[in-house]
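Here is a short briefing on a predicted complex. The structure comes first, then the notes by topic.

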Amino acid sequence: MNAAEDVLTVTEPEPELIVVPPVRRPMWRPGLGFLHPRMWLPLVLMLAVLATLWTWGAHSMPYLLPPLGDIGATLREDADYYLNNAWVTLKEALMGLGLGLVAAFVLAVITSEFPLARRAIMPVAVILNVTPLVAIAPALVVAFGFGAAPKLIVTGLICFFPILINTSMGLRAVPQPVLQVYQTVNASRLETLWYIRIPMAMPYLFAALRIVFPLSVVGAVVAELSAAGSSAGLGTAISLASSMNRLAAVYASIAILALLGSVLLLLVTALERRVLHWHESRQGNGG
Amino acid sequence: MPSGSVSISVRGARRVYPVKGGTDLIALDDVDLSVPAGSFVSVIGPSGCGKSTLLRLVAGLEEADRGDVRVCGVRPAEAAAAKMLGLVPQAPALLPWLTVLKNVTLPLRVNRAASRRRASAPGPSMEELLRKAGLQDAMHKLPSQLSGGMQQRTAIVRAFGLRPDVLLMDEPFSALDEFTRESLQEQLLDLWDELKATVLFVTHSVSEAVRLSDKIVVMAPRPGRITDIIDVRLPRPRRAELLKTPEFHHYEDLVRDRLRGAFQANAA
């Protein structure tokens, strides 16, 4: 019945020009859209379910999970302690990230400009990437002591590979016709790199940064955990608290780490929105 | 440039692409071509006839295996170094993070030494060129916000804005619909009329070649070679009305016949 009607309407000649409205990708607007219950209610419900499960678990297995109230109390009573340690870990994470970013970016440029260097560097980078960093960390502690150095190196290493791979791919993603246009005006390699290749690599770099920003916290904590004599940092706080069987304190530190990771992820997303507005808009217009 | 001089000269050019485990592909075999300064020359032929290869040789993007290619008397690489060339590829090849205005001015900002040497030529500014191309409202937009036709017009303005001695266009309109294509042809002729560059225009559209060109070079494949050169003696300016005249159809038929001839000679 409906199908027959459809056929009839289709065969009717169209008297007017059909204007198809552009298809827009439903975007999460940074405005007040998140105030709508549809935006926050699912998450709140999910958290409530998890909290209920946790409370039930803490009640029936007190040696496995501390009650949520205890974690909250620890956080409140020793707020300064946690803040200081969080600050130490965040500093390590960001400085290590910076180190890894600079090293990876420079090497990405070198490997994409010189195929010989790529053949030398890339295999080493891959080997480094598949080596478990948790295994390297103790060795670095032995070599560099309990200071900041091993933490920065571990964090830097963990951030290094995704940035190197993505950036070097982005630098080489310039379409051939673009390169040809600039070749016929004899743009130098440096000009091509600066005006064309590096901007082209930005979306690729940010894809890596989104992975690497939260990962930097992992790197810092792993290094702290491996350095048994460290004096500060959330990783140190965790190993201290667990050695004293203070489960609530362990989970308090873990909660802060999760928060740190989330904040870093938000930060990089905001940065990406600013830098890659052209890229966003391209996606928004549906190609 | 004195009239009567030669802008592009190709002599005995041969270009072979090695094929792994097969007979090598002869993209160009002993090609001779001479394009007078200030003229509009189209190269037409079926796919694989080497027309794009020929253009790339003149652009200095590839080297001939044998023979000699000159642009205004110098080798293509030297012409590129002196910014004497402008290239409009098949795809607009715009940079998606730059506005239209920044896209068309970037080629002026690279290789500045050559830009300074060429600065003497007075003429319309980039903004004026964009206005002439109907892009005045798009100047500060990103390429992704433009239609395909507007993107290609931007690419043409980018090339013309260099005030090149030789403009090389590789099927620039082939991805556009018929109406857009015709209006772009008209705008291209207007710009060309004003800026007087030598144009080498690769196309596979017969009517496009007839409408735009002073000379049409017909090529055939396997091996890629020139089979005919047709002079188009139609008055300029060539407005849209010209497309309906018998003279225009005469040239279209002529080019089609020669193209078919090139094909059959090849098959036999």
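In chain A, helix α4 (residues 79-113) packs against helix α9 (residues 189-226) at an angle of about 145 degrees, and the axes lie 8 Å apart. Helices (H or I, at least four residues) and strands (E, at least two) are DSSP runs, numbered from the N terminus. Axes are lines fitted to C-alpha atoms, for helices over the stretch in contact, with angles from 0 to 180 degrees between N-to-C directions.

This is a predicted model, in which local features need pLDDT of at least 70, side-chain atom pairs count only at pLDDT 80 or more, and totals for chains, interfaces and linings use all residues. Residues are numbered from 1 along each chain as its sequence is written, while chains are lettered from A and ligands numbered from 1 in the order in which they are written.

**Helix pair in chain A**
- Residues on the α4(A) side include A:Thr89, A:Leu94, A:Leu97 and A:Val109. The α9(A) side includes A:Leu193, A:Phe213, A:Val217 and A:Ala220. Contact means C-beta atoms, placed from the backbone, within 7 Å.
- The residues of this contact divide into 10 nonpolar, four polar and four charged. Ala, Val, Leu, Ile, Met, Phe, Trp, Tyr, Cys and Pro count as nonpolar, Asp, Glu, Lys and Arg as charged, and the others, Gly among them, as polar.

**Sheet in chain B**
- Six strands of chain B make an open, mixed sheet, ordered β5-β6-β7-β3-β8-β9. Strands pair if DSSP finds at least two bridges between them.
- β5 (85-88) and β9 (225-231) of chain B are the edge strands, each pairing on one side only.
- Neighbouring strands are turned by 15 degrees against each other on average, direction ignored.
- β6 (residues 166-170) and β7 (residues 198-203) of chain B pair in the parallel sense over five bridges. B:Leu168 has B:Leu200 in β7(B) as its bridge partner.
- Helix α6 (residues 148-160) of chain B lies across β5 and β6 of chain B, at about 175 degrees to β5(B).

**Contact between the chains**
- Chain B gives 24 residues and chain A gives 20 residues.
- On the chain B side, α2 (76-81), β5 and α3 (100-109) of chain B give two or more residues each.
- That side of chain B divides into 18 nonpolar, five polar and one charged.

**Confidence**
- Chain B averages a pLDDT of 89, and 95% of the residues score at least 70 (pLDDT is the predictor's confidence in each residue, from 0 to 100).
- Within chain B, helix α4 (residues 112-118) is lowest at a mean of 79, and strand β3 (residues 40-44) is highest at 96.
- The complex has an ipTM of 0.91 and a pTM of 0.83 from the predictor.

Conventions. Two residues are in contact if their C-beta atoms, placed from the backbone, lie within 7 Å.
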